[in-house]
Amino acid sequence: MTPPPATARARVAPGTRPAPDARRPALRLLVPRRAPRHSGRHNRSLWLAAVLVVGSLLTVVVGDDLLAQSQLRLAAVQQQVTAATATEHHLQVSVALLGAPEVVISTAEHRLHLAPASQVVDVPEVPLDRPLPVPQTAPLAGSGAPTPAPSTSVPMVNGHPAYA
């Protein structure tokens, strides 16, 4: 164990002091040295960073402006489409009303002075499951039309050759 400090002082001779070289050096306040200025490199990198920040902000502002203008144009076009759709619907209704049978008949009677038919004859129904008879197309006797010469080719029915 170490002796208490008082006894340690007592051991040193009272008038003897250690030599000034053996003493600890005086404490100095550490003042940080100024770093050598690399003004060229530091300034260039600072300017480059500033230019990149300002450029990116300008890019964002220009992009936002373009987006806002596009949205305004889209809204205007949508209004035009809505108006054109409403106009088309109105015109379709007008055409449908003008094509109604009652309107057509009244227009024919009043504007064109046409009279309705006294008797309406319906067309007979035609059965769809069996073919129609071939119509008689020979000229009547004495009509003065020349009779065609008999053909040696194969007769055609509905665009296809008819074989017996």
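These are my notebook entries on a predicted model of one protein chain.

**Entry: overall layout**
I began with the secondary structure of the protein chain and counted three helices and two strands. Following the sequence, I read their order as α-α-α-β-β.

**Entry: confidence**
I then looked up the pLDDT, which averages 80 for the protein chain. A score of at least 70 is reached by 69% of the residues. I also checked the elements one by one. Helix H2, residues 39-98, has the highest mean pLDDT, 94. The lowest mean, 54, belongs to helix H1, residues 5-11.

**Entry: surface**
I asked how many of the 164 residues count as buried. The share is 1%. The protein chain exposes about 16,900 Å², and I noted that carbon and sulfur atoms supply 65% of that area.

**Entry: Glu109**
I located Glu109 in helix H3. Setting aside neighbours within four places in sequence, I found Glu109 in contact with Leu114 and Pro116.

**Entry: His113**
I next turned to His113, which lies in the loop between helix H3 (101-110) and strand S1 (156-157). Its phi is near 55°, and I marked this as a positive value in a residue other than glycine. I classed His113 as exposed because its relative accessible area is 66%, and exposed requires over 50%.

**Entry: the two residues together**

Technical notes: Residues are numbered from 1 along each chain as its sequence is written. This is a predicted model: local features need pLDDT of at least 70, side-chain atom pairs count only at pLDDT 80 or more; totals for chains, interfaces and linings use all residues. Side-chain values use heavy atoms; hydrogens and water are left out. Helices (H or I, at least four residues) and strands (E, at least two) are DSSP runs, numbered from the N terminus. Buried means under 20% relative accessible area, exposed over 50%, partly exposed in between (1.4 Å probe, protein chains only). Accessible areas come from the Shrake-Rupley method with a 1.4 Å probe; for residues, only the protein chains shown count as cover. pLDDT is the predictor's confidence in each residue, from 0 to 100. Contact means heavy atoms within 4.5 Å.
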